[in-house]
Amino acid sequence: PPINPEGICYGQADIPVDLSDEARISALARALPERARWFSSSAKRAIDTLHVVQSHKSSLVLQQDIEPALIEQSFGTWQTQRI
């Protein structure tokens, strides 16, 4: 989950992600298919998640593609504003 203690509407704002739950990440890595082609948005939090999950099981990713079209929704002037 994104780290968002301020409760902002983050949308495309590149806030960090909480990757501290090792058990949850490990379980996710075990559940995912091996040697898959992965697509990710260009958000740093998405790429960081991909790398951490992959570090738990190196055979997961055959190819990874960063696809700018997958960027999260823009909330316009609400983006980065406190909700």
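Helices (H or I, at least four residues) and strands (E, at least two) are assigned here as DSSP runs, numbered from the N terminus. This is a predicted model, in which local features need pLDDT of at least 70 and side-chain atom pairs count only at pLDDT 80 or more, while totals for chains, interfaces and linings use all residues. Residues are numbered from 1 along each chain as its sequence is written, and side-chain values use heavy atoms, with hydrogens and water left out. The chain contains two helices and two strands, in the order α-β-α-β from the N terminus on.

**Overall dimensions and surface**

- Taken along the principal axes, the box filled by the C-alpha atoms of the chain is roughly 40 × 30 × 15 Å.
- Of the 83 residues in the chain, 25% are buried; buried means under 20% relative accessible area, exposed means over 50%, and partly exposed lies in between (1.4 Å probe, protein chains only).
- Among contacts in the chain with a separation of 6 or more, 72% are between residues 24 or more positions apart; a contact means heavy atoms within 4.5 Å.

**The nonpolar core**

- A nonpolar core is a set of buried Ala, Val, Leu, Ile, Met, Phe, Trp, Tyr and Cys residues joined through side-chain atoms within 4.5 Å.
- The largest such core has eight residues, namely I25, A29, A36, W38, L50, V53, L60 and V61.
- At least two residues of this core come from each of α1 (22–31), β1 (36–40) and α2 (44–55).
- V53 is in contact with I25, L28, A29, L32, W38 and L60, neighbours within four places in sequence being left aside.

- E22 is located in helix α1 and is classed as partly exposed because its relative accessibility is 47%.
- The side chains of E22 and H56 are joined by a polar contact of 2.9 Å.
- A polar contact is a pair of N or O atoms within 3.5 Å; within protein, one must be able to donate a hydrogen and the other to accept it, and residues adjacent in sequence count only if both atoms are side-chain atoms.
- E22 and I71, 49 residues apart along the chain, have C-alpha atoms separated by 26 Å.

**Helix α2**

- R45 is placed in helix α2 and counts as buried because its relative accessibility is 8%.
- The R45 side chain reaches the backbone oxygen of A13 at 2.7 Å.
- Not counting residues up to four places away in sequence, R45 touches P2, Y10, G11, A13, D14, I15, P16, V17 and E72.
- V52 also lies in helix α2, and its relative accessible area of 21% is why V52 is classed as partly exposed.
- With neighbours within four places in sequence left aside, V52 is in contact with L19 and I25.
- The C-alpha atoms of V52 and G76 are separated by 30 Å, the two residues being 24 apart along the chain.

**Strand β2**

- D65 belongs to strand β2 (residues 61–66), and its side chain forms a polar contact of 2.6 Å with that of R37.
- Beyond residues up to four places away in sequence, D65 touches R37, W38, F39 and S40.

- Most residues other than glycine have a negative phi.
- R35, in the loop between α1 and β1, has a positive phi near 50°; R35 is exposed, with a relative accessible area of 57%.
- T80, in the segment after β2, has a positive phi near 70°; T80 is partly exposed, at 43% relative accessible area.
- E6 is in the segment before α1 and is partly exposed at 45% relative accessibility.
- E6 and Q81 are 75 residues apart in sequence, and their C-alpha atoms are 9.3 Å apart in space.
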